[in-house]
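Thank you all for coming.

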Amino acid sequence: MTKLIKNEVKTCAALLNEYLNKGEHTANAVKLSFTGVGERDVYNITAPFEDEGEQVIAGRVESRDSEHSNIMFFVERDGAWVPRDGMPELTLQDPFFTRVNGELVLGGVEVYPHPVNEGALAWRTVMYKGKRLQDLSLFFTGPNGMKDLRIAELHDGSIALLTRPQGEKGGRGKIGFMRLSSLAELTIEQIEQTPLLQNQFIEAEWGGGNEVHVLSNGLIGILGHIASFDDAENRHYYPMVFAINPITGEFSDIELIAIRDKFLPGESKRKDLVDVVFSGGLVRREDGTADLYAGISDAEAHRITIPDPFQKFEGLEVNKG
């Protein structure tokens, strides 16, 4: 059996140095073009997914001077992504998708007035499901104050659950993991009891899971982000991966898979968001590469081709517990 390698916690600076020293090759940097949204930006997209035989991208759509967002669904036409006719428009941020029990699960972050602090906003993750996008209906509302809640169906039908509490448990945001026997066990109480993965983030930094990939050997590959502030309060977000053995709970070190400079130049929502890459989704290829879809600087959506970061995990012999 091969164990996943977990060392002591690493800072964003240490992870960045490791990434730069590897000198990994990237290719095919593209800025995705979205039309039909007026002057609004489209960013923090998903990877393309199939709905009724057509490839669709879900994206966060908002004005440059606002945080009030909608999730819209786009299809590619003549090199540009255009709104797909007849689709729901959800008042949410940061879309994600998966499939459970043969149904599409589509989620995002709902922003609402803070229940205590007048004039402030709060947020929570909500999830919809249906056989197709047109059939989506709300089925779960997560705990108040929690973004980056994710689920995935494992090979045996059980459910991998990623959480990201903030505050007394979680600080600025840390990832938790739990394996549920079924979707029926997805409750706020269960989420709040989910243990954190230890030594993945230092207290001053934060991160979350964006997409869960169930690998052929039963491990799960986590595509996520890790983030920090610098001395000038600028934000730095890096796309990262690690793996979890859902049977034993073992997990690996975080590794960066790209940085802002690997993508094309572009615009930014604010000056403090220039160095922000928000992992949207990963499309793995048979040739050992993968296409990474990402939100860039809270203003644009880009794609880049990288070495498949999950291939090395898929070659491991897994401890079944």
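How many nonpolar, polar and charged residues does the lining of the largest pocket have? Keeping in mind that this is a predicted model, the lining of the largest pocket comes out at 12 nonpolar, five polar and 11 charged residues. The space in this pocket is about 740 Å³, and of the 28 residues that line the pocket, Glu67, Gln93, Lys147, Arg235 and Tyr237 are the closest to its centre. If you look for the strands involved, β7 (93–100), β8 (103–113) and β9 (121–130) are among those that each supply at least two residues of the lining.

Let us turn to the second largest pocket, where about 270 Å³ of space lies. Of the 16 residues lining the second largest pocket, those closest to its centre are Phe49, Phe97, Thr98, Arg99 and Glu211. By class, this lining has nine nonpolar, three polar and four charged residues, and the strands that each give at least two residues to it include β3 (49–51) and β14 (206–214).

Now for the interior. In soluble globular proteins, nonpolar side chains tend to be buried together. Here the largest nonpolar core has 23 residues, of which Ile220, Ile226, Met240, Phe242 and Ile244 touch the most other members. At least two residues of this core come from each of α1 (12–22), β12 (159–163), β15 (220–229) and β16 (235–244), with β16 giving the most, namely four residues. Apart from this core lies another, of 20 residues, including Val241, Ile257, Ala290 and Phe310.

Definitions and conventions:
Residues are numbered from 1 along each chain as its sequence is written. This is a predicted model: local features need pLDDT of at least 70, side-chain atom pairs count only at pLDDT 80 or more; totals for chains, interfaces and linings use all residues. Side-chain values use heavy atoms; hydrogens and water are left out. A nonpolar core is a set of buried Ala, Val, Leu, Ile, Met, Phe, Trp, Tyr and Cys residues joined through side-chain atoms within 4.5 Å. Buried means under 20% relative accessible area, exposed over 50%, partly exposed in between (1.4 Å probe, protein chains only). On a 1 Å grid over the protein atoms alone, a cavity is a set of points where a 1.4 Å probe fits but cannot get out, and a pocket is an open set with protein on both sides within 12 Å along at least five of seven lines; lining residues have an atom within 4 Å of a point. Grid points are joined across faces, edges and corners, and a volume is the space filled by probe spheres set on the points. Ala, Val, Leu, Ile, Met, Phe, Trp, Tyr, Cys and Pro count as nonpolar, Asp, Glu, Lys and Arg as charged, and the others, Gly among them, as polar.
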